Amino acid sequence: MQPFTTVTGPAAPLLRPNIDTDVIIRVERLVGTAKAEMGAHAFEIWRRRPDGSEDPDFVLNRAPYRDAPILLAGSNFGCGSSREGAVWALAGAGVRAVIAPSFSDIFANNALQNGLLPVVLPEASVSAIAAEVERSPGNARVTVDLERCVVVSPSGDEHPFAVDAARREALLAGLDDIGLTLRQADAIAAWQTEDRSRRPWAWPT
Amino acid sequence: MAETRPRTLFDKIWDSHVVERLPDGTCLLYIDRHLVHEVTSPQAFEGLRMAGRQVRRPDATFAVADHNVPTSDRSAGIAEPESRIQVETLEKNVAEFGVPYFPLLDARQGIVHIVGPEQGISQPGMTIVCGDSHTSTHGALGALAFGIGTSEVEHVLATQTLLQKPAKNMLVRVDGALPLGCTAKDIILAIIGRIGTAGGTGHVIEYAGEAIRALDMAGRMTICNMSIEGGARAGLIAPDETTFAYIKGRPHAPKGEAWDRAVAWWKSLPSDEGASYDTTIVINAPDIVPLVTWGTSPEDVVPVTGAVPDPANESSEARRAAKQRMLDYMGLTPGQRMQDIAVDVVFIGSCTNGRIEDIRAAAAVAKGRKVVSGVRAMVVPGSGLVKEAAEAEGLDKVLIEAGFEWREAGCSMCLGMNPDQLKPGQRCASTSNRNFEGRQGPGGRTHLMSPAMAAAAAVTGRLTDVRELAR
């Protein structure tokens, strides 16, 4: 997993609430598309018009947001399906962090597995950062600093955010969950032995 | 040390599955059952292969293809190349890793969330995961069941555990009796309409109260299935005699002495008297009416007897803009009567409403009536066994006679991954779970409702109050 320490760059304002995973990546793209190629299809139902051409009004089709590493979004971002393709598509499109007032639980977990940071800030902070960005779209830079757990707005305002300690350490070091869990192999085996006598019916023979 | 604090059903299942607790509260949680399907598993198996890892508990893992399988005749194989490759990949993976699998032509094949309970794989008190958000369905049996992403699928395959933070407890109590003409689908739409699509975020919802107790297992599964549409990763209903009667005798259910021990354990699971919840919602069942959605979020619920809401009544400019955007997408105007909205397609099926009870409800409305000319109406059983049961009851004949298509089991038009898709602008009365933009096909417009209401829409050609047809 790619470590996450600090990311600085343009932040694309996409402040709609309830942006769902069907919108982030169309279901048919989950089949036959390599992880690394999914970025080309991120938000395609909004990015492209029915004839396949780019919709110039969509924020991610406009400079400087086209390759923005940070997304500013509305509440309940990533709701809907559990498809991790939504995260792969965002990561493939170069997004490293999404800042929103809330995230769906499954999306947030998937993001953390891929070094993409879901940053929860109050709605007023997200709106304030977006307003700053929109005042000087060409130059505005936002920083997401996981070491200090702050978002720095273009004018230098600092917005602290919280992240679970274990998740933060894994992200900073780029550690893979499976490797960490396998260190607990003895504890898992012990739990299994105990459970087998406690709930024998739950163990297929 | 004995636990004395009163605990919820969720607390009990969680506590009994913690292998390790980290200082920040994250737990290594043991997973009893892992259900696998063709769409979210290929990269997980590939990850195992690349790391030289095995599946830790193939005996606790079950695989079936459902998401993009065709629902037309499959005896000659799958015509769609991408769908065929996914199913073949799954078959290769389950063979290599020794995972039990129900092949496409096996009667036990079907939607993973129909198959798990049907086979007795899903049982009370278990932790159950699957790379699909509607895994919440299995919570109807009193299991902690939730959807996971592909990285977590790989994690469970390799370790039979997951790193998780405990959720908060939400109680949704549905008091009183449900009126005639209303179903479990109307209950859950009413709940989502009340709490909103993010209302349950960070929570596990326990559904309780007289109206929930009175439901059969199919209805309970419909309710728990859509917990995720209310933002909750899992929904739960305390196991009771209805649950035990449903499980008994199923292929993977405990038998003999093991059954008695299991039931004794299951009876200890319901929430203790005085257990506390972080959030409590009370719904009065007698107030529930047949509901439909009008927008592109499952929280956009109105009575079928109502009208399309006016964005002008929204509290903020952002909300007005969001609602107007939905109306534009849905091709609706404020104040339009819901029952004047004509439909092009009717879809009855999905993990929400693809069980035999749902097909019976649809057939009861369809019997002696005809699907309106120009409307395409399809019924997709949730599993091969549901299909067989329906055919044994003659429901297929009733539906075919009325002009419905009678298809093979799978997820079908719920998510439009196989050829069962809406065309741009087409409007669908659907028993599925999501009305998102493009969910049932690019540009498609979805109205969610119960199976009886969807069947009523098929025979009238418009959204219809099923209670009117019954008169």
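In this predicted model, chain B contains an open sheet of four strands, arranged in the order β11-β10-β9-β12 with parallel pairing. At its edges lie β11 (234–236) and β12 (279–284) of chain B, each of which pairs on one side only.

The pairing of β9 with β12 can be followed in detail. Strand β9 of chain B, residues 168–175, pairs with β12(B) in the parallel sense over six bridges. B:Arg173 has B:Val282, in β12(B), as its bridge partner. Helix α6 of chain B (residues 184–195) packs on the sheet, where it touches β9, β10 (203–208) and β12 of chain B. The direction of helix α6 makes about 130° with that of β12(B).

In soluble globular proteins, nonpolar side chains tend to be buried together. The largest nonpolar core here has 108 residues, and A:Phe43, A:Phe77 and B:Phe404 are those with the most contacts inside it. Helix α16 of chain B (residues 451–460) supplies the largest share of this core, seven residues. Apart from this core lies another, of 102 residues, which includes B:Trp14, B:Tyr101, B:Ile148 and B:Ala262.

What surrounds A:Phe43, once its neighbours within four places in sequence are left aside? A:Phe43 is then in contact with A:Leu14, A:Ile19, A:Val23, A:Ile24, A:Phe58, A:Leu60, A:Leu71, A:Phe77 and A:Leu90. One of these partners, A:Phe77, is itself named among the residues with the most contacts inside the largest core.

Definitions and conventions
Residues are numbered from 1 along each chain as its sequence is written. Chains are lettered from A and ligands numbered from 1 in the order in which they are written. This is a predicted model: local features need pLDDT of at least 70, side-chain atom pairs count only at pLDDT 80 or more; totals for chains, interfaces and linings use all residues. Side-chain values use heavy atoms; hydrogens and water are left out. A nonpolar core is a set of buried Ala, Val, Leu, Ile, Met, Phe, Trp, Tyr and Cys residues joined through side-chain atoms within 4.5 Å. Buried means under 20% relative accessible area, exposed over 50%, partly exposed in between (1.4 Å probe, protein chains only). Helices (H or I, at least four residues) and strands (E, at least two) are DSSP runs, numbered from the N terminus. Contact means heavy atoms within 4.5 Å. Two strands pair if DSSP finds at least two bridges between them. Axes are lines fitted to C-alpha atoms, for helices over the stretch in contact, and angles run from 0 to 180 degrees between N-to-C directions.
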